[in-house]
Amino acid sequence: MTPVFCIVALFTLAGGLAAVTLKNTVHCALALTVALAGLALFFLRLDAQFVGFAQILIYIGAVAILVVFAILLTRSSEPEASGGIVSSRWLAGVIIAAAVFAVLGWAILRSAPALAHESAAPAVTVHQIGTALMGRYVLPLEIVALLLTSALIGAVIVAMHENGSAK
Amino acid sequence: MIEKLDQVFILLRDWLVQFLPADWQAIAATVLNVIAIIAVFPTLFAIVTVMERKGLGRMQNRFGPNRVGPFGLFQPVADGIKALTKEDVVPLCADTVVHFLAPLVLVVAVFMGFSVLPMGRNMVLADMDAGLLFFFAMGASTELSVFMAGWSSRNKYSLLGAMRAVAQMISYEVPLLMSSLAAVMTAGSLSLSRIVDAQNRYTFGLPHWYVFTPWGFAGLVLFSIAAMAETNRSPFDLPEGESEIVAGYFTEYSGFKFALFFLGEYVGMFSIAGLGATLFLGGWSAPLAILKWVPSWIWFFGKLMVAMCLFIWIRGTMPRLRQDQLMNFAWKFVIPMTLVNLLVAALWRFIGPGWTRWVVCWAILIGVYVLMGETILRKRHLGPRSYRYAE
Amino acid sequence: MLGEGLLKGLAETARNFAGSFVSEERLTTVQYPEERVAPIENTRDFPFLVYDGDDWHAGMRCVACQICEKECPPKCIYIEKSKDKKPDFTGKPQIYPARFDIDISVCMSCQICVEVCPFEAIKMDTEFELSTTDRFGGLLLDKKQLSRSNEHYHKIHPTEAAEVDARLAEEKAKAEAKAKAAAAAKAAAPVAAPAKPAAEAGKPAAAPKPEGPAASPQKAAENKPESPAKAEQGGASGS
């Protein structure tokens, strides 16, 4: 619990809370970005450079942009006047949140003995990650690539002209 | 003596730091590094603005600014004073907080990029293992600030400009990344100082810069195209097309915030030009073995300025693209070319030294280029555009 | 081949860039406050009031007929007639403007006032450095500020001014001939005086001396309505 950890944790939590409590959806998206940036900082603090930078590159550079574009293109960015931020089915939300928290907590508590013996964190270089991805995990990587490609083609087909006169 | 001159900034920093207690020295050295970056690049920005205006003037057979100081060299000072003293107007309906944060996010993200660029021998702020990835992560963060600026202004021109800018930056980030991957593949590292080291070797007095290989040359050209689009430079400057959408996403900014956007744009150009020089032009290494005695930072900044001149030259020449041309160019030409270039770089590696790889690689690249160029030129239809939603 | 045009364009700008350092005639910029281009003859911006002779007040051609005030599309002219009269260039007593203001911040330089003026009294100037620190008072010019001598008119629009002068001389000669005829008819006593104005007709309007016998104002006014058309002709031939 170093001071840096506390600051980053507060930062992330504040971002996450703002993302669910703010009224303006674009503000929510921006607050979510703050939370994601905080997560990236956690990865960096754990010496996981590759994951940390990939988190910034993908979540802030692409996913956040996708989210705000989706908000802009689908609805007005004006905050809705009627009702509060609390949905009428808030009980279901609370139950789901509690369930997720319980599962996560259970998993962490179960694995606590594994963390007990303190070994030095292995220094994983980008080179090693690359070798692993191209060697041992090449099949999952290729499958993910195929999935993404098919998603891309699907998106193009959805966006294409109906009359078939694609540009 | 010459070694001292090469390391003059490092020695200066160490000399300054030694006056502090031992505990503080490491932090002080980092702070000094950061101060150096924050001081040098805005100065360079001032020089480049006046250079650009005079250069563009000459290309159009004008003088350019020549009133403030000798040959107009103090023009940036006058501009700076103007920007600082102007009223900071925030639109009534604007989202004040986001409107205020947008230029700050942009400038911070843009300056972060310099922390991994080696600007001379031993002159790199943070020599990270994943330096290139860090650079691109910071570059991706600027997109969000552009969106923030455009959205929070509550102005349709701003929002249109932001939409265009974000669409363009996302589209051209792919070729930017993929064209630099060729250099990463050959050097076998994401660390920029390692990539420079790989190029800092000489045969017969000539350097091993990647630009002198077929894939390196094509990579540099593709990288420059993508970099120009990524920094919203002409001919890809339609996010701020004055004739259509006033000034794009910073229409509603005035005074010092506008100056910050301007600064961010130019500093972004420096960082991306520095990255291009690092990846393909050998970073701080000398162009000839006999010139190795010249301080390394002179070579880095020299290459940076050459890249700036190229940017200015292109800005003075090319007309602005249209949005559909821009997207077609990215997805139908630049990205396929970068993919081919990646293949060629792999071939180059696996064929091994010898004249065969030169022939094969050049043949593939030129063949694909000519073929794709023919297809693009034949398919070019200059008729009216068809609109899907705007009818 | 793809990119050929781009390279050609780059070569062109490079040629311009290098050429601008080599050949001076490529740089057409005039360094304005130090260098100036001679204004072309048809330049016009804001109206001024012409006067003959040296005294701007005595020689002012304007007779405060207020036609320009009425015709002015943006209504930027304000005229007050005088109570007394002063002799005009032919020597007959005329009303003069007690106040003649033009608000050049409103004026749109349309030249209609010049075209309707029957007395050739208002013309277009070429002076353009009119900026002031007072945006209301400083741009409202009174008749003293508006007055320019006929020599100034000759300097800025020589052809047009010559035509105007010829026309005025003709009118003056006509008026004097009429006055002479009237005088001859009225009194059988011929005076040597008419010889003088006839001699002076060659260099008209330079120094209007009220020496000829006063012609009746009505008859002089009858001659005038044809002059706007002439002025228009003059303007057309000038352009």
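I take a salt bridge to be a side-chain nitrogen of Lys or Arg within 4 Å of a carboxyl oxygen of Asp or Glu.

The model is predicted, so I kept to its limits: local features need pLDDT of at least 70, side-chain atom pairs count only at pLDDT 80 or more, and totals for chains, interfaces and linings use all residues. Residues are numbered from 1 along each chain as its sequence is written, chains are lettered from A in the order in which they are written, and side-chain values use heavy atoms, with hydrogens and water left out.

**Chains C and B**

I looked for salt bridges here and found one. B:Arg67 pairs with C:Glu34, and their closest N and O atoms are 3.1 Å apart.

Chains C and B bury about 1800 Å², with 65% of it on carbon and sulfur atoms. C:Met1, C:Leu2 and C:Leu10 supply 35% of what chain C buries against chain B, more than any other three residues.

**Chains A and B**

For this pair I noted a buried area of about 2500 Å², 71% of it from carbon and sulfur atoms. I found zero salt bridges between chain A and chain B.

Notes
Buried area is the accessible area (1.4 Å probe) that two parts lose on being put together, summed over both.
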